[in-house]
Amino acid sequence: MSQALHPMLNIAIKAARAAGAIINRASLDLDLLKVNTKSPNDFVTEVDHAAEAAVIDTLLAAYPGHGILAEESGRARGAKDSEFVWIIDPLDGTTNFIHGFPVYCVSIALAVRGQIQQAVIYDPARNDLFYASKGRGAFMNDKRLRVSKRIRLNECLIGTGFPFRKGDNFKRYMQMLEAVMPLCAGLRRPGSAALDLCYVAAGYTDGFFETGLSPWDIAGGALMVTEAGGLIGNFTGDADFLYQREVIAGNPKIYAQLVTLLSPFTRMISDTPASASAHEAPLEATPQTTPEAALAATLADAPGASTAGAAAAPVAAKRAPVRIRKDAAAPAAAPAPRRGGARSSSGR
């Protein structure tokens, strides 16, 4: 690479490539894969576990005192009280992978006191490496990334993800599609949220929205977007999106227009079940301990947003957001999120 990279970013790149090699080898013999089902339409394979182990081994060999938040193993490994937390999705787009559809990636992000500082997203099928350090820009294979310059929504290509689990509010999502589709040039659903955000950063798409996402789905891509000059937040335009199960990203002009369209559909997680709209589907039960709750407890004294400035975008008649409190995010006090946060693009 032509530029000098942060040492921690270099280690993350090494870890991502190690996981990518495992994924590429497995892609040659998909018929031999052992596939398990975490929930209906949500899959995990032995490749997910092997890739995750490779990433964690590489990171902890270099930084044994750091914390780990991984999609498959949660916080089982790594330090539990470190201000450095690696957020890992070893195979984002598992459903694509097991069908041989070549849209999947490895996503690794480093949160320092709650702020995403380093990010690597590796697409092994194309050998595309996306990486970013806070304040130093976002890149793909040494090429500087910038979000698109389009300002009219009717000229824009917008990325999204569809609900897929039992209990998901499909009617609500259809209403969202009705609000966006007629106003844009096209809507795309590749199947990997981490890559979707990279495509916004690269200007391939002009915006992106989705619900039901977990921190590991969006942490790395969020830094790509902001370092490429874009904005990312929740449906009300607030920057506290990492725990909110909903996200909008885009270049500044398109981001603002998407927030205006989608803010009526916000479903922010609150500290009381009564805050949910009466017409919305009931929330699903949450396990006793979730990776998100563990991360929230680790970062209890840290700011909640992984990026700043998203709330500054102009929004028409913006509704006041209901934020999740970090102290309320502990398993004993948190309400059950609708999708358990484990939608994870890996299951799409």
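How are α1 and α2 oriented to each other?

**View 1. Helices α1 and α2 of the predicted model cross and pack together.** Helix α1 covers residues 7-27 and helix α2 covers residues 46-62. Their axes come within 9 Å, and the crossing angle is roughly 160°. Angles over 145 degrees count as roughly antiparallel, and α1 and α2 are therefore roughly antiparallel to each other. The crossing of this pair is right-handed. From α1, the residues in the contact are Ile11, Ala12, Lys14, Ala15, Ala18, Ala19, Ile22, Ile23 and Ala26. From α2, they are Val47, Ala50, Ala51, Ala54, Val55, Thr58, Leu59 and Ala62. Sorted by class, the contact of α1 with α2 holds 15 nonpolar residues, one polar and one charged.

**View 2. The protein chain contains eight helices and 14 strands.** The chain has 348 residues, and 60% of them are buried. Among the contacts with a separation of 6 or more, 71% are between residues 24 or more positions apart.

**View 3. Five strands make an open sheet with mixed pairing.** The order across the sheet is β11-β10-β12-β14-β13. Strands β11 (186-188) and β13 (231-233) are the edges, and each of them pairs on one side only. From one strand to the next, the twist averages 15°. Strands of a sheet pair through backbone hydrogen bonds, either parallel or antiparallel.

**View 4. Strand β10 pairs with β12 and with β11.** Which way do β10 and β12 run relative to each other, parallel or antiparallel? Strand β10 (residues 157-160) and strand β12 (residues 207-211) run parallel, joined by three bridges. Two residues of this pairing can be followed into β12: Ile158 has Gly207 as its bridge partner, and Gly159 has Phe208. The pairing of β10 with β11 is also in the parallel sense and has three bridges. Here Gly159 stands opposite Arg188 of β11.

**View 5. Helices α4 and α7 pack at an angle of about 135°.** Two packed helices are described by the angle between their axes and the distance between the axes. For α4 and α7, the axes are 10 Å apart. With an angle of about 135°, α4 and α7 are therefore oblique to each other. Their crossing is right-handed. Met176, Ala179 and Val180 of α4 make the contact with Leu258, Leu261 and Leu262 of α7. How many residues of this contact are nonpolar, polar or charged? Six are nonpolar, with no polar and no charged residues.

Methods. Residues numbered from 1 in each chain as written. Predicted model: local features only at pLDDT ≥ 70, side-chain atom pairs only at ≥ 80, totals over all residues. Heavy atoms only, no water. Pairing = 2+ DSSP bridges. Helix = DSSP H or I, 4+ residues; strand = E, 2+ residues; numbered from the N terminus. Axes fitted to C-alpha atoms, helices over the stretch in contact; angles between N-to-C directions. Parallel < 35°, antiparallel > 145°, perpendicular 65-115°, else oblique. Left-handed = near helix turned anticlockwise from the far one by under 90°. Contact = heavy atoms within 4.5 Å. Nonpolar A, V, L, I, M, F, W, Y, C, P; charged D, E, K, R; others polar. Buried < 20%, exposed > 50% of the residue type's maximum accessible area, 1.4 Å probe, protein only.
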